[in-house]
Amino acid sequence: DRNFLYWFLRQPHIREYANSIASGSVQKDLNHTSFKSIEILIPERNHQRQVSALLDIIERKIEINQKMNQTLEEIAKAIFKSWFVDFDPVRAKAEGRPTGLPPEISDLFPDELVDSEIGEIPKGWDCKRVEAFADALLGGTPSRKKSNYWGGKIPWINSGAVNEFRIIEPSEYITQEGFDKSSTKLLPAKTTVIAITGATLGQVSYLEIDSCANQSVVGVIPHNNRAYEWTYLTFTEHIDRLISRQTGGAQQHINKNDVLDFDVVYPTNALIARFSDIASPLFVRIGVAVREN
């Protein structure tokens, strides 16, 4: 059964074995002869089909969840961009057009744009630095030379984890002593995390768990507990402008102060709360589907 063969070859221990028999120093190559030497455990044909059919169903479910998550994220981003970047409801009211929003939301938008240091913004909104509405916490790494600092119960992520769409599990665990004897900080679930150096520079993700992080990660925690989704989408929307501040020679980076000093258009808290009413259920569904996968 061709699907059984496909799933068999995808097993981690088979891939590790294939890598071990590949030849070459700079560029490893699994040649035809080596590939033919891989041994395959072959059950009765009907059992092959049962196994592959079950795994096919699971894979399709994972693909459906991934597409759903992409759609939910795009919905949240589209609303965010319309309200907080393009100011569509404000422009509509200024031109005497309907906003297309329920009155209780539409009434929260002003009907005029005014000049600011970063261009036109809605009247009554502010241009604020991140430090005015959020904390930015830099992570740290307990000493690798101290075995008693590692293998505890406190979640800890490295910067590679920020490549994940949502972070649902730690890279490693540290002990209470490792936490106390290092500069790492415990970041609550819903924190926006930003990779600030190296190959992951500019990656943005969203914590679904409480976790510490290493020194290549900054966690941004809004003072307003209704602003978690707004904060995450603010940084995903404007990350290119933030990392344009990068410095360094061989290792480009930004630092915590770059994040704190970053200026964005800040709306009213009432409007942020209304946006959270819409975005929070979308984020919850995304988290559920990521865990299910």
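Rings of Phe, Tyr and Trp (its six-membered ring) pair if their centres lie within 6.5 Å; planes under 30 degrees apart count as stacked, over 60 as edge-to-face and the rest as tilted. Keep that rule at hand for the first stops.

This is a predicted model, where local features need pLDDT of at least 70 and side-chain atom pairs count only at pLDDT 80 or more, while totals for chains, interfaces and linings use all residues. Residues are numbered from 1 along each chain as its sequence is written, and side-chain values use heavy atoms, with hydrogens and water left out.

**Stop 1: the aromatic cluster**

Select Phe80, Trp83, Phe84, Phe87, Phe109, Trp125, Phe133, Trp230, Tyr266 and Phe275. They form one aromatic cluster. The structure holds 20 aromatic pairs.

Now keep phenylalanine 84 and tryptophan 230. Their ring centres are 6.5 Å apart and their planes stand at 90 degrees, so this pair is edge-to-face. Where do the two residues lie? Phenylalanine 84 is in helix H4 (residues 45-84) and tryptophan 230 is in helix H8 (residues 228-243), so the pair ties together parts that are 146 residues apart in sequence. Helices (H or I, at least four residues) and strands (E, at least two) are DSSP runs, numbered from the N terminus.

Buried or exposed? Phenylalanine 84 counts as buried, at 5% relative accessibility. Tryptophan 230 counts as buried too, at 1%. Buried means under 20% relative accessible area, exposed over 50%, partly exposed in between (1.4 Å probe, protein chains only).

Next, select phenylalanine 133 and tyrosine 266. Here the ring centres are 5.0 Å apart and the planes are at 35 degrees, so the pair is tilted. Phenylalanine 133 sits in the loop between strand S3 (126-129) and strand S4 (134-138), and tyrosine 266 in strand S11 (residues 263-266), so this pair ties together parts that are 133 residues apart in sequence. Phenylalanine 133 is buried, at 5%. Tyrosine 266 is buried, at 6%.

**Stop 2: charges over rings**

Go to tryptophan 150. Arginine 144 lies over its face, 3.8 Å from the ring centre. Then show phenylalanine 283. The charged end of arginine 166 sits over that ring, 4.9 Å from its centre. The rule: NZ of Lys or CZ of Arg is within 6 Å of the ring centre and within 35 degrees of the ring normal.

**Stop 3: the four-strand sheet**

Switch to cartoon view. An open sheet of four strands runs in the order S4-S10-S7-S8, with antiparallel pairing. Two strands pair if DSSP finds at least two bridges between them. S4 and S8 are the edge strands, each pairing on one side only. From one strand to the next, the twist averages 25 degrees.

Zoom in on S4 and strand S10 (residues 217-222). Five bridges join these antiparallel strands. Alanine 134 has proline 222 as its bridge partner in S10. Axes are lines fitted to C-alpha atoms, for helices over the stretch in contact, and angles run from 0 to 180 degrees between N-to-C directions.

**Stop 4: threonine 200**

Select threonine 200, in the loop between strand S7 (192-195) and strand S8 (204-206). Threonine 200 is buried, at 9%. What does it contact, leaving aside neighbours within four places in sequence? Ser159, Gly160, Asn163 and Ala195. Contact means heavy atoms within 4.5 Å.
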